[in-house]
Amino acid sequence: MSLLEIRDLKITFGGLDALSGLNFHVDEGEIVSVIGPNGAGKTTFFNAISGLVPPTEGEIEFEGESIVGLDPSIVTSLGIARTFQNVRLFPNMTILENVMVAQHCRTNQLLVGALLQTKAFKKEEREIRERAEEVLGFFGHRLVGYRMDQPAFALSYANRRRLEIARAMATQPRMLLLDEPVAGMNPIETAELTELIGRLRTEWGFTIVVIEHDMKVVRDVSDRVVVLDHGVPIAQGSYDEVSTDPNVIEAYLGRPVEAAS
Amino acid sequence: MSAHAVSTKSARGLVAVDRFLTFIRVFLVTMIVVGILAFIWQQIDADNVFARWRNPNARGLTGDQFKGLLISGLSQGSMYGLIALGYSMVYGVLGFINFAHGEVFMVGAMTGFIASDKFQANGMWEQNFLLCLVLIVLMAIFFSTFTAVVMERVAYRPLRNSPRLIPLITSIGVSFFIQNLVLGLFGPASKSYPRLPEWLAKQRSILTFEIAGTRLMVLVVAAVSMAILWYVVERTKTGRAMRAVAEDKEIASLMGIDVNRTIVTTFAIGGAMAGVGGILWGLMFRSVTHMTGFLPGVKAFTSAVVGGIGNMGGAMAGGISLGSAESIAPMLILEPLGVPGVSQLKDAVAFTVLVLVLLFKPSGLFGERLSSEDRA
């Protein structure tokens with residue numbers, strides 16, 4: 001059984017079909033890339049999975065259970081985490097707090113425990129902090145040490161992207177949705193993050209779906225590539241199969257002149 | 001052509017407004033500076049020409065009088081601060097001013113009256129005052145929290161996605177509703193709290209400050225409540241969730257935070273603080289009516305704006321500075337200027353402080369702690 005199974009997903013904004021009849025699945029432990037020209041519906045697709053946009057029609061199943069119509073917080077607690085194309089952190093909270101708050105649904109102490117300073121509350125706060133430091137440590141020295149107590153708005157662009165991934169990791173997901181993780185990064189940072197995406201699977205056991213425009217990254221990380229255009233998948237398969245598919249070339253570059261006439 | 005005419009006209013209008021605002025700025029600052037200088041001169045030499053310039057009868061203040069004003073300002077201000085927290089927290093999370101928050105405070109004061117009246121009737125008030133105090137504080141917290149939570153559920157949640165003006169106006173309606181409900185239930189008469197036991201209310205002298213026991217109690221209880229609140233918001237997972245929701249509701253829900261529940265928690269905590277404030281108000285002024293919530297509510301809102309709305313530390317600082325200004329400024333600035341009836345001018349001073357802050361630092365003393373896209 002697939003970890004994520006999407007059938008006939010359709011999303012309409014006004015008269016516009018952002019997604020029309022999308023079928024998609026991800027198996028446990030896979031890294032799948034979703035590519036496509038701008039406006040192909042990639043981000044809408046992520047929004048639908050994470051519960052931000054209700055599907056007009058169709059079915060989304062995670063581990064065999066429908067997640068259509070669930071609140072985003074519940075989807076997260078079931079084990080789907082995501083990042084955004086335009087990084088969206090909590091800018092006025094510290095780096096450590098950004099990652100600590102992400103563990104909200106994995107913890108169960110109530111306010112009463114905090115007020116009475118129970119042992120269980122203190123233990124849980126300590127665990128939240130340790131887990132946050134562990135996740136931040138995944139990105140080397142960049143997000144740890146003195147930086148942990150800086151507000152997130154003080155971070156450099158690339159570090160904000162890293163922090164956003166760290167925050168998604170801290171929700172302890174089974175599946176991670178990364179929306180253009182290397183957008184705006186320089187080639188060295190891109191190469192480094194490409195390697196980290198691989199390690200996210202091998203070391204942390206996440207299943208990963210990634211939207212990416214950088215074809216080098218797509219080639220290096222993905223087991224399977226799905227190409228969307230105008231809200232429908234036009235091709236899928238390995239990177240080599242997809243990159244030579246005439247439909248894909250047409251979607252990206254337009255039809256050759258002789259074929260158009 | 002006509003567009004040009006309109007733009008020059010509005011430009012001229014703008015210039016006039018700017019000139020007027022500049023005039024007010026200069027006028028207020030001059031008044032304050034002259035007032036303070038004259039006051040200082042009076043303290044140095046009461047017969048000096050400048051000291052007697054505006055008000056030949058001014059006598060200045062003795063050290064003890066000044067300390068007394070400071071203490072009464074601080075205790076009054078800490079109550080404003082407690083109420084202001086509710087305004088500020090709700091603004092931080094939902095982006096609108098809950099004008100019915102003053103009524104939450106009034107419900108706390110009213111609960112305290114009913115409970116303490118019963119306790120006095122059966123003699124427990126004198127026998128075991130501390131137990132009674134704890135009980136009435138708990139009851140006031142409970143009923144204020146309850147009021148705030150019900151208010152959110154019934155009046156504001158259905159309007160969550162409407163423009164901010166709509167919940168704002170609704171909150172004014174809720175405020176009238178609660179006032180009239182309390183009027184209907186308990187009548188219009190002013191109700192007085194029982195006297196505090198002598199061992200608590202007596203004057204005591206701490207670090208050369210002569211301070212009434214009641215005021216001391218107000219200061220201590222307010223400080224403890226604020227410390228607890230600070231701890232909850234800054235150091236617990238509930239507080240982190242509240243701050244996350246304040247910054248970005250959508251992302252907060254993607255972090256697995258139940259946004260509705262967090263908003264209810266915010267109202268509840270704000271309500272609890274207002275409940276504590278209500279009890280302190282009742283014990284200090286010993287009188288409560290269905291209108292008790294109005295003026296303190298407006299003052300607390302002013303404090304929240306003065307401190308920088310959306311910012312909790314700002315709400316506390318704003319409350320304390322507003323309370324102190326209210327109590328000290330009439331004697332310090334207005335009396336040397338020869339303004340008649342200065343002790344009646346507390347409210348005018350409070351709102352002048354608001355005008356000053358809005359003129360010189362519209363974001364409040366401590367700015368606002370919101371994401372940039374959420375500023376309104």
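This is a predicted model: local features need pLDDT of at least 70, side-chain atom pairs count only at pLDDT 80 or more; totals for chains, interfaces and linings use all residues.
Me: Why is B:Thr289 called buried?
Reply: A residue counts as buried when 20 or more other C-beta atoms lie within 10 Å of its own. B:Thr289 has 20 other C-beta atoms within 10 Å, and therefore it is buried. This residue is located in the loop between α12 (259-285) and α13 (294-307) of chain B.

Me: What makes β9 of chain A a partner of β3(A)?
Reply: Here too 4 bridges join β3(A) to β9 (residues 224-229), in parallel orientation. Since at least two bridges are required, the strands pair. In this pairing A:Ile35 is opposite A:Val227.

Me: How do you know that the span of helix α6 of chain A is close to the one expected?
Reply: The expected span is 1.5 Å times one less than the number of residues. Helix α6(A), residues 157-170, has 14 residues, and its expected span is 20 Å. From the first C-alpha to the last, α6(A) reaches 20 Å, close to that expectation. Just after the helix, A:Gln172 takes a positive phi of about 55 degrees.

Me: Why is α6(A) described as mostly covered?
Reply: Of the 14 residues in α6(A), 11 are buried. Among them are A:Arg161, A:Glu164, A:Ile165 and A:Ala166. The cover over the buried residues includes β6 (80-82), α3 (95-101), α5 (119-137), β7 (175-179) and α7 (187-204) of chain A.

Me: What makes A:Val99 and A:Ala166 stand out in the largest nonpolar core?
Reply: The core contains 168 residues, and A:Val99, A:Ala166 and B:Val276 touch the most other members. Helix α3 (residues 63-94) of chain B gives the most to this core, with 14 residues. Not counting residues up to four places away in sequence, A:Val99 touches A:Ala132, A:Val135, A:Leu136, A:Ala166, A:Arg167 and A:Ala170.

Me: How do you know which parts of chain B touch chain A?
Reply: The contact draws 20 residues from chain B and 25 residues from chain A. On the chain B side, α10 (237-247) and α11 (249-254) each supply at least two residues. The largest share, 7 residues, comes from α10(B). By class, this side of chain B has 7 nonpolar, 5 polar and 8 charged residues.

Me: What makes up the contact between the two domains of chain A?
Reply: Chain A is divided into domain 1 (1-79 + 173-261) and domain 2 (91-172), and their C-alpha centres lie 28 Å apart. Domain 1 gives 11 residues to the contact and domain 2 gives 9 residues. On the domain 1 side, α2 (72-78), β7 and α7 of chain A give two or more residues. The largest share of that side, 3 residues, comes from α2(A). By class, the domain 1 side has 6 nonpolar, 4 polar and 1 charged residues.

Me: What makes up the corresponding contact in chain B?
Reply: The domains of chain B are domain 1 (1-46) and domain 2 (66-374), with C-alpha centres 32 Å apart. The contact takes 12 residues from domain 1 and 7 residues from domain 2. The domain 1 side divides into 9 nonpolar, 2 polar and 1 charged.

How values were computed: Residues are numbered from 1 along each chain as its sequence is written. Chains are lettered from A and ligands numbered from 1 in the order in which they are written. Ala, Val, Leu, Ile, Met, Phe, Trp, Tyr, Cys and Pro count as nonpolar, Asp, Glu, Lys and Arg as charged, and the others, Gly among them, as polar. A residue is buried if 20 or more other C-beta atoms lie within 10 Å of its own, exposed if 12 or fewer, and partly exposed in between; C-beta atoms are placed from the backbone. Domain bounds come from an automatic or database domain assignment. A nonpolar core is a set of buried Ala, Val, Leu, Ile, Met, Phe, Trp, Tyr and Cys residues joined through C-beta atoms within 7 Å.
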